[in-house]
Amino acid sequence: MMKLVVGTEAMFFICLILAFIYMAYNTGFEPHDMKALDIKTTGIFTVILISSSFTFWIADKNYQKGKIKNLKIWLIITILLGATFLIGQGEEYWRLMNDKITLSSSVFGTSFYALTGFHGFHVFAGLVLLSIILVLTFFDDFNNTNSNVISTAGIYWHFVDVVWIAVFTVVYVLPQFTKY
Amino acid sequence: MNQSIQIPEPASPFPGIGVSSDQGLLQWISSVDHKMIGIMYLLIALIFFLIGGAEALLMRIQLGQPVNHFLTPEAYDQIFTMHGTTMIFLVAMPAVLGFSVYFTPLMIGANEMAFPRMNSFSLWITFFGGLLLYFSFLAGGGPDAGWFNYSPLNEKNYSSSNGIDYYAMGLLLTGIGSVTTSINLIVTILHYRVKGMKLNMLPLFVWMVFVNSFLLIAAFPSLNAALAMLLLDRQFQAHFFNTANGGSALLWQHLFWIFGHPEVYIVILPPFGILSEVFPVFSRKPIFGYAFVAASSVAIALLAFGVWAHHMFAVGLGNTVDAFFSASSMLIGIPTGVKVFNWIATMYGGKIKFTVSMMFAIAFLIEFTIGGLSGIAFSIVPIDWQLTDTYYVVAHLHYVFIGGTIFGVLAGLFYWFPKMTGKMLDEKMGKWFFWLFVIGFNGTFLVQHALGMLGMPRRVFTYPDLPGYAILNLISTMGAFLMGLSVLLLVYIVYKSIKNGKAAGNDPWNGFTLEWLTTSPPPLKNFDEVPEVKSRWPLWDLKQLKEESRK
């Protein structure tokens with residue numbers, strides 16, 4: 001089921017990404033807005049988000065081996081990494097807003113905030129999901145290793161990371177190779 | 001030889017099922033039973049069908065004579081927008097999903113959907129999405145930019161009332177409901193089939209629902225993304241579709257039709273499935289070319305994503321793009337044609353019983369083919385340029401939506417009503433309804449082909465008294481009222497049949513599939529046991545076994 005959810009979500013993000021690309025080739029697009037993005041800082045937060053996928057993978061492995069204590073530790077690390085990414089996104093938004101780049105300032109702002117905002121919202125939803133699982137582990141709900149809740153949540157969490165890789169590539173990396 | 005399979009039932013009832021049956025409305029509201037939810041979907045479709053039909057009649061009164069001032073242009077805009085939006089999202093979708101949710105578990109020998117509570121969520125969010133859409137009338141005016149809501153008409157500068165915001169929010173909610181139902185249906189079909197029923201033995205209705213669900217979860221996100229962008233535009237001054245600030249009106253058209261064209265297949269594939277059940281049963285023959293009917297649905301689903309720009313030929317996308325979409329649009333006619341030939345071949349040499357259900361199925365073949373052929377005409381770019389935004393389009397789309405979806409749904413209603421209620425729908429009055437509806441339908445829309453070719457534009461609140469316009473429009477209006485009358489007759493037939501209709505028995509049509517194995521209406525737990533499935537017609541096998549053992 002979660003695979004189907006991820007499939008339909010993927011279509012949603014494909015539409016948003018295509019809208020961003022479409023806007024980038026449109027006449028109203030202001031190249032200097034693009035230059036306001038700081039690929040290095042966001043790159044670091046990208047690495048943090050991707051590493052949270054690995055920590056979740058380790059958490060899942062520990063769960064399957066029945067090491068509940070390790071599961072809790074790696075889950076906490078995953079949640080912290082995800083939260084760090086969101087803080088980084090907030091910091092980036094703050095900086096851009098101070099540069100007068102907002103949702104209504106230009107076409108770039110419109111498509112940038114919509115795309116990254118919807119992704120950030122999905123990260124947040126993932127964090128809520130993981131937090132619920134974490135709380136449940138403290139109530140000993142995952143002492144048996146026969147539940148597929150964690151691997152199902154994993155499908156979603158990895159998906160959110162994969163989407164970010166696509167977004168980062170399109171929004172931050174590819175413009176580096178484009179002349180304006 | 002004839003082993004039966006115990007159908008598992010959850011040890012404790014889900015919350016909601018436990019409510020005792022004397023609790024009336026509360027029992028319905030709290031229900032998670034797929035049959036009750038299916039019936040509620042159909043009731044929602046019926047209520048909105050009456051509302052949308054009333055809107056259509058208002059339009060036809062306005063267009064009954066030239067230079068009429070029954071409706072103001074503003075009111076006319078809101079009414080045609082709401083008519084289209086209602087009929088597609090709140091009639092066709094709930095009707096199709098209602099049958100899917102009711103009969104998918106029954107036909108695969110399951111007792112419930114995979115996620116009963118999510119099923120209930122889907123129903124109610126669809127319903128509340130519909131209410132939100134209609135709330136716009138109380139909040140200062142309905143949406144008024146047409147059902148496909150083109151930019152820039154959908155922007156705040158051109159539509160300053162809140163109608164389009166309600167349109168966006170209402171459709172987002174119903175869209176979420178449809179996606180969750182589809183996920184539910186796919187998981188149900190994959191995991192809850194009775195033992196022995198391989199995927200290539202699915203009843204064709206279930207097969208179509210299966211393909212359709214994939215189509216739906218792939219197509220709806222595009223609409224949802226477009227609606228989210230529209231809301232950002234209207235509420236937070238974003239510039240997605242605002243051309244004055246560098247946005248693109250064309251983006252809305254692309255996103256909408258990437259959803260919108262698959263959508264027309266989403267509401268036609270399950271009716272195709274209904275017909276694939278109705279034709280064999282009333283011809284007393286197995287379907288001709290099961291594999292072709294099944295595979296052509298997959299072909300339709302895949303091609304559906306490659307034809308969206310044929311709605312946009314008049315935009316000026318360039319000859320290369322136009323040629324590609326012209327060719328792909330002609331291509332998608334082929335798998336549909338394959339199905340039509342399969343159904344005709346199914347009837348050929350069969351012992352045909354002309355029940356109302358079968359009559360609607362046969363009428364479907366004729367009407368839908370007319371709609372299909374006018375569609376093929378549109379795939380030829382110069383013809384499309386000539387006829388775009390005229391009444392020819394209106395005629396075409398009503399021949400596929402009414403002649404296709406609604407006729408299929410009505411065939412399904414007359415076919416499955418006995419199973420859902422335990423009572424037969426009155427066949428004699430049903431035939432009256434059939435003829436009134438078919439004559440009214442053709443009276444309304446056949447002449448609109450001519451009106452379109454005479455150049456009458458759609459979506460304009462009135463027209464000058466040009467030669468031929470007045471009489472053709474009057475015929476169309478009279479046809480519409482005949483159709484409206486027949487729908488009232490249908491409501492009466494349904495009411496009367498539930499009250500004191502003939503008892504149906506478990507299997508009034510001598511059916512082939514598993515839903516006829518249980519009682520009518522089915523108990524809360526559909527089946528205690530089901531025979532092991534060894535073919536595509538499990539109930540037929542069972543009957544033959546009984547016959548043999550009697551000899």
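B:P152 sits in the loop between α4 (116–135) and α5 of chain B. A cis peptide bond joins B:S151 to B:P152, with omega at about 5°. This is a predicted model. Chain B has another such bond, between B:S520 and B:P521, where omega is about -10°. B:P521 belongs to the loop between α15 (469–500) and β2 (529–531) of chain B.

Stay with the loops of chain B. B:V67 lies between α2 (34–63) and α3 (73–107). Its phi is near 45°, a positive value in a residue other than glycine. B:V67 counts as exposed because it has 9 C-beta neighbours inside 10 Å, and the cut-off for exposed is 12 or fewer. B:Q237 is in the loop between α6 and α7 of chain B. Phi is positive in B:Q237 too, near 55°. B:Q237 has 15 C-beta neighbours inside 10 Å, so it counts as partly exposed.

Now look at where the chains meet. The contact takes 23 residues from chain B and 21 residues from chain A. On the chain B side, α5 (163–191), α6 (204–236) and α7 (249–266) each supply at least two residues. Helix α6 of chain B gives the most, with nine residues. What classes of residue make up this side of chain B? It has 15 nonpolar, eight polar and no charged residues.

A:L16 is in contact with A:A114, A:L115, A:F118 and B:A225, leaving aside its neighbours within four places in sequence. The largest nonpolar core has 199 residues. A:L16 is among those with the most contacts inside it, along with B:V278, B:F360 and B:A411. In soluble globular proteins, nonpolar side chains tend to be buried together.

Next, follow chain A. Its average pLDDT is 89, and 96% of the residues score at least 70. Confidence is lowest in helix α2 (residues 31–35), at a mean of 73, and highest in helix α4 (residues 68–98), at 93.

A:I68 is in helix α4 of chain A. It is partly exposed, because 17 other C-beta atoms lie within 10 Å. A:I68 and A:N144 are 76 residues apart in sequence, yet 9.2 Å apart in space, C-alpha to C-alpha. Setting aside neighbours within four places in sequence, A:I68 is in contact with A:T137, A:F142 and A:N143.

Helix α5 of chain A covers residues 107–138. At 1.5 Å a residue, its 32 residues should span 46 Å; its end C-alpha atoms are 47 Å apart, which agrees. Just after this helix, A:D140 takes a positive phi of about 60°.

Terms used. Residues numbered from 1 in each chain as written. Chains lettered and ligands numbered in written order. Predicted model: local features only at pLDDT ≥ 70, side-chain atom pairs only at ≥ 80, totals over all residues. Contact = placed C-beta atoms within 7 Å. Helix = DSSP H or I, 4+ residues; strand = E, 2+ residues; numbered from the N terminus. Nonpolar A, V, L, I, M, F, W, Y, C, P; charged D, E, K, R; others polar. pLDDT = per-residue confidence, 0-100. Buried ≥ 20, exposed ≤ 12 C-beta atoms within 10 Å, placed from the backbone. Expected span 1.5 Å × (residues − 1). Core = buried A, V, L, I, M, F, W, Y, C linked by C-beta atoms within 7 Å.
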